[in-house]
Amino acid sequence: MITIACYNIKGGVGKTAAAVNLSYLAAQGGANTLVWDLDPQGAATFYFRIKPRIKGGTFSLFQRKRELDDVIKATDFSRLDLVPADFSYRNMDLLLEQQRKPGTRLKKLIKPLQSEYHFLFLDCAPSISLVSENIFAAADVLLVPTIPTTLSLRTLKQLLDFCDSMAYEHLAVIPFFSMVDRRKSLHREIIDDRSGILQNAPVSYIPYASDVEQMGVRRAPLETYAHASPAARAYRDMWAELLPRLLARNRRN
Ligand SMILES: Nc1ncnc2c1ncn2[C@@H]1O[C@H](COP(=O)(O)OP(=O)(O)OP(=O)(O)O)[C@@H](O)[C@H]1O
Ligand SMILES: [Mg+2]
């Protein structure tokens with residue numbers, strides 16, 4: 001299993017859109033795929049039309065009264081399952097602090113699923129906290145949607161510096177451009193200059209498009225209602241670029 005965390009310290013950058021659309025493409029490509037909606041806002045859960053709420057909440061998961069396997073729900077799509085969000089996730093930091101090894105709790109919880117799924121997508125809440133440290137310990141790849149603006153690049157640099165300081169050997173950080181508006185000169189300049197912290201980014205980028213916003217109305221992955229749109233094509237191109245990189249990592253681990 002390859003664990004991909006859609007993560008950014010910043011909010012509203014396209015993490016959930018990436019988790020939903022890329023997980024759908026992974027499943028469509030034949031891989032058993034699980035999405036874990038770790039954000040108490042429950043946006044991914046909403047897009048997949050599943051009721052948020054885990055019986056007993058996060059508490060029961062962390063107390064091992066309930067295994068992750070017990071709370072998995074099937075989506076409307078084959079090979080694609082979801083662990084719904086739960087509003088109690090807002091207290092996850094506090095719960096983690098009470099654990100004996102608070103940094104690796106999430107990793108332990110997902111371990112039993114290794115042989116069931118090819119891909120696990122973690123849809124993360126914005127912020128950097130003890131939950132993030134758990135995510136960094138559990139994930140193989142951090143997929144970081146980045147809007148091409150100066151402040152977003154600064155935040156990306158903070159994240160890369162933090163990961164460097166923790167010397168994570170297992171973790172690849174892959175930023176990609178999200179919500180790109182090529183009419184804006186700053187967006188064009190930043191995405192065309194692929195040096196420095198973005199040299200690792202896929203060539204494909206996700207354009208700013210109302211078709212993506214429509215996911216909230218349609219409550220479905222983009223591919224299912226706007227297959228021919230440039231944004232849907234962008235997610236397909238991105239997944240096609242990411243897949244060999246993910247598989248190569250899996251072989252190394
Ligand atoms: N490429 C895009 N073009 C236009 N709108 C987009 C695009 N990607 C996402 N959006 C819209 O922007 C909003 C934020 O997107 P999304 O929920 O994916 O971001 P997020 O990083 O997960 O946010 P949060 O930090 O709140 O979890 C949503 O309303 C979504 O529909
Ligand atoms: Mg989100």
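These legends walk you through several close-up views of a predicted model.

**View 1. The sheet is open and has 7 strands.** Welcome to the sheet. Follow its strands in the order β3-β4-β2-β5-β1-β6-β7, and you will find that the pairing is mixed. The edges are formed by β3 (73-74) and β7 (172-177); each has a single partner strand, so one side of each is left without a neighbour in the sheet. Helix α1, covering residues 15-28, packs on this sheet. The helix touches β1 (2-6), β2 (33-37), β4 (80-83), β5 (119-123), β6 and β7, and its direction makes about 165° with that of β5.

**View 2. Strand β7 runs parallel to β6.** Strand β6 spans residues 141-146 and is joined to β7 by 6 bridges. Which residue of β7 is the bridge partner of Leu142? It is Val173. Thr146 has its own bridge partner in β7, namely Phe177. Although β7 stands at an edge of the sheet, the strand is mostly covered, with 6 of its 6 residues buried. Look at how the residues of β7 point: Ala172, Ile174 and Phe176 go one way, while Val173, Pro175 and Phe177 go the other way, and all are buried.

**View 3. Ligand 1 sits among 18 surrounding residues.** The closest of these are Lys15, Thr16, Ala17, Pro207 and Ala209. A polar backbone atom of Val13 is 2.9 Å from an oxygen atom of the ligand. Ala17 also takes part through its backbone, where an N or O atom lies 2.9 Å from an oxygen atom of ligand 1. Gln41 uses its side chain instead: an N or O atom there is 3.4 Å from a ligand oxygen. How much of ligand 1 does the protein bury? Of the 620 Å² that the ligand exposes when taken alone, the protein buries 82%.

**View 4. Thr33 is a buried residue of the sheet strand β2.** Start at Thr33, which is found in strand β2. Is this residue buried or exposed? Its relative accessible area is 0%, so Thr33 counts as buried. A polar atom of the Thr33 side chain lies 2.9 Å from the backbone oxygen of Ala31. Leaving aside neighbours within four places in sequence, Thr33 is in contact with Ser23, Ala26, Ala27, Arg79, Leu80, Asp81, Tyr117, Phe119 and Phe121.

**View 5. Helix α6 is largely enclosed by the rest of the structure.** The buried residues are Leu130, Val131, Ser132, Asn134, Ile135, Phe136, Ala137 and Ala138. What do they pack against? Their partners are β1, α4 (92-97), α5 (105-110), β5, β6 and α7 (150-166). Take a look at the start of α6 too, where a side-chain oxygen of Ser129 reaches to within 3.2 Å of the backbone nitrogen of Val131.

**View 6. Leu243 belongs to helix α12.** Our last stop is a helix that spans residues 230-252. Leu243 has a relative accessibility of 27%, so it counts as partly exposed. Arg218 is 25 residues apart from Leu243 along the chain, and the C-alpha atoms of the two are separated by 27 Å.

How values were computed
Residues numbered from 1 in each chain as written. Chains lettered and ligands numbered in written order. Predicted model: local features only at pLDDT ≥ 70, side-chain atom pairs only at ≥ 80, totals over all residues. Heavy atoms only, no water. Pairing = 2+ DSSP bridges. Helix = DSSP H or I, 4+ residues; strand = E, 2+ residues; numbered from the N terminus. Contact = heavy atoms within 4.5 Å. Axes fitted to C-alpha atoms, helices over the stretch in contact; angles between N-to-C directions. Near = heavy atom within 4 Å. Polar contact = N/O pair within 3.5 Å; in protein donor to acceptor, adjacent residues only side chain to side chain. Areas by Shrake-Rupley, 256 points an atom, 1.4 Å probe, with all protein chains shown as cover. Buried < 20%, exposed > 50% of the residue type's maximum accessible area, 1.4 Å probe, protein only.
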